[in-house]
Amino acid sequence: MKVYDAANIRNVALVGHSASGKTQLASAALFDAGTVNRFGKVDEGTTITDFDEEEISRKHTLSAGLAYAEWNKTKINLIDTPGMANFLADAHAALRVSDAAIVVVDAVSGVQVQTEKNWQAADVLGLPRVVVVNRIDRERASLERTLASVRATLSRTVIPVQLPIGEEKQFRGVVDLVAQKAYVYQTDGSGKFEESAIPGDMAGAAQAAREALIEMVAEADESLMEKFFEAGTLTQEQLVSGLRSATIAGKLFPLFCTSSSLNLGVQPLLDAIIAYLPSPADRPVKGINPKTGEEIERPLSENGPPLAFVWKTIADPFAGRITLFRVMSGTLKADSTVHNKTRDVAERLGHVVLMQGKTQTNVPELKAGDLGAVPKLKDTLTNDTLGDKADPLVFPATKFPEPVLSYAIEPKSRGDEDKINQSMHRLEEEDPSISYSRDPQTKELLLSGQGQLHIEVTVAKLKRRFGVDVNLKPPRIPYRETIKASTEAHGRHKKQTGGHGQFGDCKIRVEPLPRGTDFEFVDDIFGGAIPRQFVPAVEKGIQDARTRGYLAGYPMVDFRVTVFDGSYHDVDSNELSFKLAGSLAFKDAMTRARPTILEPIMNVEVYAPSDFAGDLMGDLNSRRGRIGGMDTRGATTVIKAQVPMSEMLTYEQHLTSATGARGSYHMEYSHYEEVPAMLQGKIIAASKAERGVAVEAE
Ligand SMILES: Nc1nc2c(ncn2[C@@H]2O[C@H](COP(=O)(O)OP(=O)(O)OP(=O)(O)O)[C@@H](O)[C@H]2O)c(=O)[nH]1
Ligand SMILES: [Mg+2]
């Protein structure tokens with residue numbers, strides 16, 4: 001295996017809405033480049049990048065997959081990313097180590113919600129992009145409509161550099177507006193094509209589209225603009241180099257046409273990746289000095305000590321951890337030691353490998369700009385920086401989304417709990433957007449993630465990879481409790497049994513605080529009414545009581561407790577007594593402080609064809625949602641609303657059936673609000689029933 005210089009590497013992430021054909025496109029590219037000799041199909045479970053059993057059985061990418069192809073002496077690293085909302089975190093992680101994004105759009109559906117999310121993520125990272133309009137062979141496919149949707153939602157400066165020859169069943173190839181040639185394909189998946197002149201019936205359209213392209217390229221650069229005005233056009237060289245610079249600068253987004261399942265139009269896309277997208281050498285290395293917070297920027301260099309950023313970890317039950325990184329600078333060699341700068345430990349690298357999906361190939365070294373992996377690292381995790389101890393530069397961590405939904409899991413067979421803990425820990429390393437913990441109140445094992453599907457997939461991985469079977473219990477809503485009135489209260493613990501007695505006594509004031517402030521404790525004791533050393537015990541008693549809640553066992557938040565008086569006994573007072581006094585005072589306060597239940601409210605965005613807008617809004621209303629706005633983007637309506645989390649648990653199924661799977665949604669936690677009085681009784685009863693069971697089981 002060759003070692004490639006940065007100038008001969010392209011790192012691109014395939015991003016876009018689910019089912020736009022990213023995995024199929026990666027598969028066609030690998031086949032056309034001769035990397036594999038069989039054209040893998042998503043529908044047959046034979047692609048390189050969807051290798052996980054869960055991905056194969058669900059026919060969706062669930063985790064970013066890395067592969068590479070050599071094309072015209074250039075190594076193209078392709079990262080195939082998930083398009084489903086629950087798994088978007090991995091697409092963002094992939095963009096962090098890419099120099100450009102290939103945004104794949106379905107020629108029938110146009111831009112969909114995850115396409116936009118990925119576009120915005122690429123925007124934030126300043127990544128150049130090309131747009132690929134895929135699935136042009138499908139019924140109702142249209143470049144014109146798709147282009148309109150792309151321009152309305154992504155950017156006005158998306159510009160076709162190809163036109164499709166035929167659409168729907170007649171799709172046969174592409175006209176290249178730069179080379180002014182036609183490529184007409186065989187439709188047997190072989191990827192074979194013939195180069196010819198532009199078909200006569202397309203000459204006019206091709207001419208007009210080329211002129212539009214030339215104008216856009218000229219507009220992106222002042223000196224080209226002058227040349228354009230002088231000559232009325234651009235030379236071929238000016239067009240090609242102008243298009244490249246404008247694309248790299250993020251001013252233009254060239255658009256290509258493909259059918260990845262027919263393997264049609266893929267080689268011109270590979271040519272374009274090399275011609276128009278930046279190599280790692282074209283982009284500076286950017287990091288921070290964590291000690292000073294100062295930003296560090298330097299040109300990429302193949303010399304000097306290695307510097308690498310870990311963007312992903314795979315948890316393999318047999319091989320252990322596989323750590324995927326990008327060499328940001330220098331050369332990373334097998335059999336060497338590097339410093340993990342994030343954790344300040346040395347890491348011994350045994351093998352350095354290339355990843356072709358799940359297949360690892362040993363290489364002696366990887367140069368700056370390249371993507372690869374190391375198996376079996378001891379301490380290194382996703383988001384770590386590896387390199388030279390003396391170099392201050394560290395790469396900022398990719399922010400993974402906080403989990404929005406929790407399910408309780410229970411082992412199917414007793415005694416599996418240790419194994420679950422270990423395996424879940426490994427899966428957490430692989431997927432930082434899940435979290436696993438034990439509920440301190442109910443002692444249940446909680447698995448939290450980005451949505452129901454995310455939880456189900458995680459549980460399926462647990463079973464397939466680690467052989468542990470669990471039951472999923474209904475999701476729990478993280479309710480909270482709070483108070484609505486201020487009051488004073490008194491707690492006294494007194495016990496006289498034989499020798500030593502117990503005595504603690506305190507008076508407290510409780511007051512509501514604004515949402516999100518959690519809890520405050522104020523010590524307002526004067527004159528030693530409670531001796532100093534016992535005040536923390538009072539606080540501890542109140543803390544314990546408030547985490548157990550009052551109405552329904554949910555933690556109480558957003559209030560202040562001031563302890564302002566009390567009394568003690570020289571002999572009988574001790575910590576335990578004051579703790580109990582604190583807890584008694586808390587309970588006494590709750591009888592007058594008007595306790596109530598809070599529920600999490602989600603920010604929800606629903607995307608669907610406009611015909612469904614009315615029904616979907618009605619449904620959100622019936623889920624106690626507040627509609628915040630409505631927006632039309634092409635044929636898609638975006639509804640924004642705030643909806644209680646408890647009402648959204650069944651939304652995925654509802655949206656799918658209501659829109660024939662054409663709608664999608666995104667939600668994230670917003671804030672807590674009081675549960676309407678008429679619903680509180682139900683929550684209290686459910687919680688009591690649940691806790692009753694938990695107590696019995698103990
Ligand atoms: N007709 C047609 N079908 C396609 C084309 N590309 C992909 N498909 C099919 O569309 C479905 C989805 O393709 P994938 O490649 O898995 O889509 P994806 O974008 O990777 O989807 P996620 O992994 O969920 O993000 C599969 O059934 C493919 O066979 C195409 O160009 N034409
Ligand atoms: Mg995929």
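Helix 1 (residues 22–32) packs against helix 9 (residues 266–276) with the axes 9 Å apart and an angle of about 85° between them. That makes helix 1 and helix 9 roughly perpendicular to each other, since angles from 65 to 115 degrees count that way. Keep in mind that what you're looking at is a predicted model.

**Helix 9 and its partners**

- On the helix 1 side, the contact is made by Leu25, Ala28, Ala29 and Asp32. Helix 9 answers with Val266, Gln267, Leu269 and Leu270.
- Helix 8 (residues 236–248) also meets helix 9: their axes come within 9 Å and cross at roughly 80°. So helix 8 and helix 9 are roughly perpendicular to each other too.
- How many of the eleven residues of helix 9 are buried? Nine of them are, so the helix is mostly covered, buried here meaning under 20% relative accessible area.
- The buried set in helix 9 is Val266, Gln267, Pro268, Leu269, Leu270, Ala272, Ile273, Ile274 and Tyr276. Val266, Gln267, Leu269 and Leu270 from that set also take part in the contact with helix 1.

**The whole protein**

- There are 16 helices and 36 strands in the protein.
- Picture a box of roughly 105 × 60 × 55 Å, taken along the principal axes: that's what the C-alpha atoms fill.
- Of the 698 residues in the protein, 55% are buried.
- Take the contacts between residues at least 6 apart in sequence: 72% of them join residues at least 24 apart.
- On the charge side, the protein carries 81 positive and 93 negative side chains. The centres of the two sets lie 4 Å apart.

**Leu127, a buried loop residue**

- You'll find Leu127 in the loop between helix 4 (113–125) and strand 5 (129–134).
- Is Leu127 buried or exposed? Its relative accessibility is 2%, so it counts as buried.
- Which residues does Leu127 contact, once its neighbours within four places in sequence are left aside? They are Leu95, Ser98, Asp99, Ala100, Ala122 and Arg283.
- Take Ser98 from that list: Leu127 and Ser98 are 29 residues apart along the chain, and their C-alpha atoms are separated by 8.0 Å.

**Two loop residues with positive phi**

- Asn72 has a phi near 50°, a positive value in a residue other than glycine.
- Where is Asn72? Look in the loop between strand 2 (65–71) and strand 3 (74–80).
- Asn72 has 57% relative accessibility, so it counts as exposed, the cut-off for exposed being over 50%.
- Glu168 is no glycine either, yet its phi is positive, at about 50°.
- The loop that holds Glu168 runs between strand 7 (162–165) and strand 8 (173–176).
- With 31% relative accessibility, Glu168 counts as partly exposed.

Conventions: Residues numbered from 1 in each chain as written. Chains lettered and ligands numbered in written order. Predicted model: local features only at pLDDT ≥ 70, side-chain atom pairs only at ≥ 80, totals over all residues. Heavy atoms only, no water. Helix = DSSP H or I, 4+ residues; strand = E, 2+ residues; numbered from the N terminus. Buried < 20%, exposed > 50% of the residue type's maximum accessible area, 1.4 Å probe, protein only. Contact = heavy atoms within 4.5 Å. Lys, Arg positive; Asp, Glu negative; His and termini not counted. Charge placed at Lys NZ, Arg CZ, Asp CG, Glu CD. Axes fitted to C-alpha atoms, helices over the stretch in contact; angles between N-to-C directions. Parallel < 35°, antiparallel > 145°, perpendicular 65-115°, else oblique.
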